[in-house]
Amino acid sequence: MAREFCAVIGLSIKYLVGARRTKWSYFGSRHGVNYPIRQGSKDHISQDPGNPISQPSVDHQLREPGSHQDQPKTSNEPEHYNPEVERFEDSLAAIADDQPLHPIGTAQQTLANLNPIPAIREKSDIITKSFIADSHDLAHGFEIEGALQVHDEQTNGGVKDIGWHKPNVEIPDPLIDGITNGHLFTMIRRFNKDVFAVQAVSPSVARGLDLNDAWSDEYSTDKLTLHLQRLYLSIVLGLASFGKQVSRLRSWKETGRTSAFCAMYFLAWILGLLTPLTLGTVMLTISSETARDTLFPPAPRALVNINTGGLQEPASGHLGTLDSLTGAPEKQEGEAIEEEAANFVRNIRHLVQRAVGMHEKEENDGDPLEGKVPKPIRKGVKAIKAKGTTDGHATEEDDQTQKPMEKVLWSKANPEKLVGVMKIAPHIVGEIVDYWERFANVISPAPPFSKLAFMRINAVLLPLFLCSFFISSYMVYKGTGFVIGLGIFGDPVLTPALQWLNQKYPNWVELIEPKNNLLRGVPTNSQLTLTLLRIGEVHKTPIPPVPTSRPDDADQQQAIDLGDVPLAASPAAKLSAIQESPTDKTEANAEESKAEPKHKRLSKITRIFKGNTKAVVESKLSIDHVRAKAGSDKAKGHLGVLPKPKNLVYAGPSHFKARLDGKQGWLYITEGARPVLLYTTKDPRPNSKDAGNLEPLVAIEVEGIKQLKRATAFVGKPAEMAADWSSDKELLGSVEVEDGNGKMWRFTALPERDELFNRLIALGGQKWLNL
């Protein structure tokens, strides 16, 4: 019995530590005690060779005692262990561990599960893939949980309408998980303004994310206004928020938070750890949104006085929006800050014009410089002419430096060079805004882009953070002095090094740009919007058009809890600042009524000019009808651009009312693996009688499109502006499409121009360059 007890204990310990693959199987049943069974015996449990994990059979364990004795034995079949005959040591030797451990249930496997290296490798793979992120791959590989995915399961392979031209309440929210519909439509509305001409390029040129700026001079004038608006929406608003946060800290009105910041700052100053504290705070705010909101509680921009850091009444009189500087109300999300951006750029332009004297209305007595040279320069020239000569010269003939000086100055600031600078300026502003948007999308990523992109910046800051504990101010001082000396006296070394670098690595300047290394794979807002549009196309559910606002629409009401406004003020003061008082509303109405007589004559003159301009535009369009019949291609493109409201047809998502060479027709995007853009004069909508017999006049393969452009209704910009200002009707734009053969097609009078452009740019597999 002692041997049997020892056998049971030994085999139980082996089973608990972990079953192993040996020449013995798990257990047999004999005399009420489990014993090992040799492989090859009749009682051996059959093992599935395709299953790497072998488990003991329950049926075998429950087999009745004595069932083994009924089976005939062969000469090759080994005997079961018999403690009365065999020695216990021989039995233990027979089950010696000569096979690798079972992949489950071992102590080694438990330690392997605690190994952090696989998890680190997985995270590093995610970060590495984000460096080479491709918009098409992200759109196809992104598993969304929004309404697009649910709707995709019901499409049965066809393109479906999820809410085109329907009220906001009828559109499922969110369409894409992680982004509210209001924010999504705000990005698309901005995308419709910023991206108006694209060109397909080779994948080798647009590696990674496409839709990069081409730095083309063709649209530099238009892009300057757009980039300045983007600058306001991103940088100006961001810096305003930062300035208001600093003002709140300096004001000591939020005593607890300011005290904590003050204590940490001066403690770090005493210990000589200001640099580690600063870098650590930056890393923390970059890494965690919760940390950002805790350290810097957000407050409505319009409620914070940047001078005092306290509560103020919004410039609009009440708080209609949380993200605008004026607090003005809006009918659709994002409209208020876009209106602020447009007014910001307009006022900046007026200030610049006044600064250079372009608004001067004085009599100039036939001055030949009037209208050609800005006012400050013109006054300087007049002063020199009036004086006759400069100090130090007796006569004008003795001035031997005038012509050389003019030559030097004009060689550096001649009109040709100034024109070149003015053409580059819009792209520089756009590049700055792009970097700001990329950094914002690093710390607040939107799907489908990686949420771990912030680790790249932390990977750069972490070594600086650690080194800051050991690098003294004296070392920084000495290093700065060495760099200055190297810049002044190191030309014999720097110049050959730069030449060698240009020869070996001609594109080294591009490689060191942050967008090609640290921020590679991080999108701008336009690239993010294009990816979201492609997600809709992948799921065969195009994103609906951006809701438009009408004058009679009600303003959005902001549900604001006074407890969520982290400003040191009483609830009554907060409520007074948020809501518009009846007294203010009465005064505003009184001021408007008083202002009417003052500008009544001017308004009458404006109406006269507007009516005259409208008559001129209508006369021009009437003449264009005659010219179009005579064969004028330019006149054909103007037909139908000012239709009556009852003639407007909004269809979508695959059918678009359009004209080609002045003829009314339809554009239709086919379904399937290789969609085609068709133009036909028959109605292609499913319920029409001509749906089965379209007879298309134009067929353009979407994958073969080389260039796309949102074109204006009129070819000339002055005519476009005049018609848009004078007419109360909607001016219909155009879309220019260059097919695979290089032929340009211009489809005019499109009520859904932006929607067609967005579908074409997102549907194909091209890599686009933003012109």
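In this report, a residue is called buried when its relative accessible area is under 20%, exposed when that area is over 50%, and partly exposed in between, with a 1.4 Å probe and protein chains only. At 37% relative accessibility, C467 is therefore partly exposed. C262, with a relative accessible area of 27%, is likewise partly exposed.

The structure is a predicted model, in which local features need pLDDT of at least 70 and side-chain atom pairs count only at pLDDT 80 or more, while totals for chains, interfaces and linings use all residues. Residues are numbered from 1 along each chain as its sequence is written, and side-chain values use heavy atoms, with hydrogens and water left out.

**Overall composition**

The chain has 771 residues, of which 36% count as buried. It holds 27 helices and twelve strands; helices (H or I, at least four residues) and strands (E, at least two) are DSSP runs, numbered from the N terminus. A contact means heavy atoms within 4.5 Å. Among contacts between residues at least 6 apart in sequence, 68% join residues at least 24 apart. A disulfide is a pair of cysteine sulfur atoms within 2.5 Å, and by this rule the count is zero.

**The sheet**

Ten strands form an open sheet with mixed pairing, in the order β4-β12-β3-β9-β10-β11-β5-β6-β7-β8. Its edge strands, each pairing on one side only, are β4 (212–213) and β8 (698–701). Two strands are said to pair if DSSP finds at least two bridges between them. Strands of a sheet pair through backbone hydrogen bonds, either parallel or antiparallel.

| Strand pair | Sense | Bridges |
|---|---|---|
| β3 (residues 197–201) and β12 (residues 767–770) | antiparallel | four bridges |
| β5 and β11 | antiparallel | two bridges |
| β10 and β11 | antiparallel | five bridges |

Individual bridge partners can be located within these pairs. Q199 has L769 in β12 as its partner. On β11, T748 lies opposite R659, and F747 lies opposite V735. Strand β11 is mostly covered, since five of its seven residues are buried. The hairpin of β10 and β11 has five residues between the strands, and G742 there takes a positive phi near 90 degrees.

**Helix packing**

Helix α8 (residues 181–194) packs against α27 at an angle of about 90 degrees, with the two axes 11 Å apart. Axes are lines fitted to C-alpha atoms, for helices over the stretch in contact, and angles run from 0 to 180 degrees between N-to-C directions. Angles under 35 degrees count as roughly parallel, over 145 as roughly antiparallel, 65 to 115 as roughly perpendicular and the rest as oblique. Helix α8 is therefore roughly perpendicular to α27. The contact is made by I188, F191 and N192 of α8 together with D754, N758 and I761 of α27. By class, it has three nonpolar, two polar and one charged residues. Here Ala, Val, Leu, Ile, Met, Phe, Trp, Tyr, Cys and Pro count as nonpolar, Asp, Glu, Lys and Arg as charged, and the others, Gly among them, as polar.

**A buried aspartate**

D434 lies in helix α16 (residues 415–443). At 11% relative accessibility, D434 counts as buried. Leaving aside residues up to four places away in sequence, D434 touches R230 and T524.
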